[in-house]
Amino acid sequence: MKSSARAVIIGGGVVGASVLYHLARSGWTDVLMVEKSELTSGSTWHAAGGMHTFNGEANISKLQKYTIDLYREIEELSGQSCGLHPNGGLMLAATQGELDSLKLICSRARYLGMETEMITLDEAVALNPLIDKQHFIGALWRADGGHCDPSGTTHAYVKAARKLGASVERFTRVLELNSRADGTWDVVTDKGAVHAEHVVNCAGLWAREVGQMAGVELPVLAMEHHYLLTDDIPELQGRSQEIVNTTDYAGEIYMRQERGGALIGTYEPHGKVWAPVQTPGDFSMQLLPDEFERLAPYFEVGFEHFPALGRVGIRKAINGPFTSAPDGNPLVGPVRGLRNYWVACAVMAGFSQGGGIGLVLSRWMADGDPGQDILSMDVARFGHFATPKYTSLKVPENYSRRFRLAYPNEELPAARPVRRSPIYDRLLAAGAVMGANFGLEHALWFAPPGVAPAETPTYRRSEAFPLVREECRAVRRTAGLYETSNYGKYEVTGRGARDWLDKVFACRIPRPGRLGLAPMLNPAGRIVGDLSIACLAEDRYLIVGSGFAEEFHLRWFWACRPPSDVFVRSAASTLCGFSLAGPNSREILQRLVRKDLAAAAFKFFDVTETAVGYAPSIVTRAGFTGELGYEIWTTPDCFASLFDDLREAGQGWGLILFGGRALSSLRLEKNYGSFNKDFRPDYTPGETGLDRFVDFGKPAFIGRDAALAERNNGPQRRFVVMEVEAQDADVVGYESIMKDGKAVGYVTSGAYGHCVDRSLAAGYVPAALAREGERFEIDILGNLCAATARLQPLYDPEGRRLRS
């Protein structure tokens, strides 16, 4: 066995094989895969081998399309068949909500360039004659998809990688991972040690244990999963082609043809965790005991919806473990604090996603950037809150809902509440309906007395719609209070803080007592952060951004190597906050502070440290609503007192509590974009409009060359907000934006603008079409709705209220 390698990949399943191939293809030929047993011996060998492009996240859908298209390439290079059956995919809907979901998928597919159609039930039966159409009301067909041979596909990756110079060691168990001071690793195996520049955890069922070897507790857990193989089915005899792979939402069933019979699987509501604490080291090429009696009620639904299945015998039952993360998406990327340690694990859909994961991870390792936005599968989307207990509750919940709809207004209950601010109980008492962001509870909207604090999951406007409208209008009319504790917060201190921040951020760093909007770019000139920087002193700064991206940004700061005289730490648990907004906000806050808040004394984007009632606070004159407003930060021990003081001061001034739904509406009325929704690593400063905050005169900052090139050449597309002639549903995200019958862009976020009485959608269109009044159409749940670009905000376009 080799004693050194540029990268050691731990795990010989389909994901590890893909990473091996892609690294070798990128030119890293000195790469080694180590597998403790035979290739595919964990989960890969017993997988059903399904491949499809369906995903609620458009960027993951694109990677799945890449994976499926890749198989012909590796077949040709390796000479190994992948056993491809490219027969497409079919999804069935039994309720209006399910049908709305299919229509949304169809809308998204237009821009992604994936051949997808809503079809009639008769057309669905022609593709799969086993369907009993009386149980369904609609169907969607997609050309991409089918199934492959799990073993053949994995070996095709490996053979192709070996031809490019990569090495594989089977029956080689990793015992230890030891990091060196220079960031390299000693991979200790039962056949000797390998000195590696990089280590990649593709260990599948053992990813948790390989993480622990490096001191990391990854949020990954295995679930038992069953599928059945039937005897030959008479209705399939004599057909010239296989039936189309079919997913039944209502029955929580998937099925496909397997030779002359069928393969049918289910994600049952009460799944069973496998190896909750430690994965057995000797588990290899093994299945788990059948539990058909426990699963019979769920398979019987499948036999009812596909009656021919119930008329034949069961040839074989398969029960094997598969790993998952708490939200069902993979865990991919570098781990903060560990140089050159990478993960690619918790991949439930390995034959749909494995190729794409290998592509982005190899780019990340070789070029320092994944090459596209993968926030939805980035390991950094989970923070320290994702403990083993949290994971043990969320993974089974996700498993049980794998074929259920995830409505855009639905909040899932497992492992909640985990993180709570000091006013959590007060907000509940005030009628708050809560969501969770990075594990932290936050108010979405408030139910007034006599109204149940609950909401029906739907793709259309819910019963919360008129209540959110009242919150929005009250903020514009008088004043509103919104808890901002769920924002990401970071303190940067030290003698070298200003110089370091000047290189990390593309903006001009503000002077003491001032705040600035702060785009952060990667070397390719793409947006990795849309934050604000408050300069409290020359050596002390408060940075605020998206709470979802806290771990993502902490990892970025760590990767930017702060010098010894700069200290960066998260303030997520040491600062809580409020946004106080509305025309009466100055009068309310002035009652609690001694500082003069008059417009001339405390200007827009000013920052001060002062007592607000009982609470020593940091106060900025800023906000996200487009109204006169303030953000107030204090420590958790003073936060409840601050809440009480603000509410008391607001009596007589019309102060109300408002939630995140109202904030989304208010910010779109002002054409404000939001990181993670509208601004992500796929986009540039010129495309997002954040170039107006870039200090191009600075001699050096990350991404400067790319940003200057874009300024000289102009962006290819632009972020716009559109008013939409919608009916009873607003956009969700990634719907196609149409022009003259062609998809020219896509939606990133939307809401109803209650104070301008318009449905609003934000998204990207070609720069040449980003003109005031330009007309488009947006496919909303199957209806083409007229949309008009508005380059100026529909509410207070001159910003007078914001600066009043």
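Trainee: Why is arginine 540 called partly exposed?
Mentor: Its relative accessible area is 31%. Buried means under 20%, exposed over 50%, and partly exposed lies in between (1.4 Å probe, protein chains only). So arginine 540 counts as partly exposed. A caution on the source: this is a predicted model, where local features need pLDDT of at least 70, side-chain atom pairs count only at pLDDT 80 or more, and totals for chains, interfaces and linings use all residues. Residues are numbered from 1 along each chain as its sequence is written, and side-chain values use heavy atoms, with hydrogens and water left out.

Trainee: What makes glutamate 609 and arginine 540 a salt bridge?
Mentor: The closest N and O atoms are 2.9 Å apart. The rule asks for a side-chain nitrogen of Lys or Arg within 4 Å of a carboxyl oxygen of Asp or Glu. The pair therefore qualifies. Glutamate 609 sits in strand β29 (residues 607–612) and arginine 540 in strand β26 (residues 540–545), 69 residues apart. Strands are DSSP runs of E, at least two residues, and helices are runs of H or I, at least four, numbered from the N terminus.

Trainee: Why is glutamate 609 called partly exposed?
Mentor: Its relative accessible area is 42%, so glutamate 609 is partly exposed.

Trainee: What makes lysine 133 and aspartate 122 a salt bridge?
Mentor: Their closest N and O atoms are 2.3 Å apart. Aspartate 122 lies in helix α4, lysine 133 in the loop between α4 (121–127) and β6 (138–142).

Trainee: How many salt bridges does the rule give?
Mentor: The count is 50.
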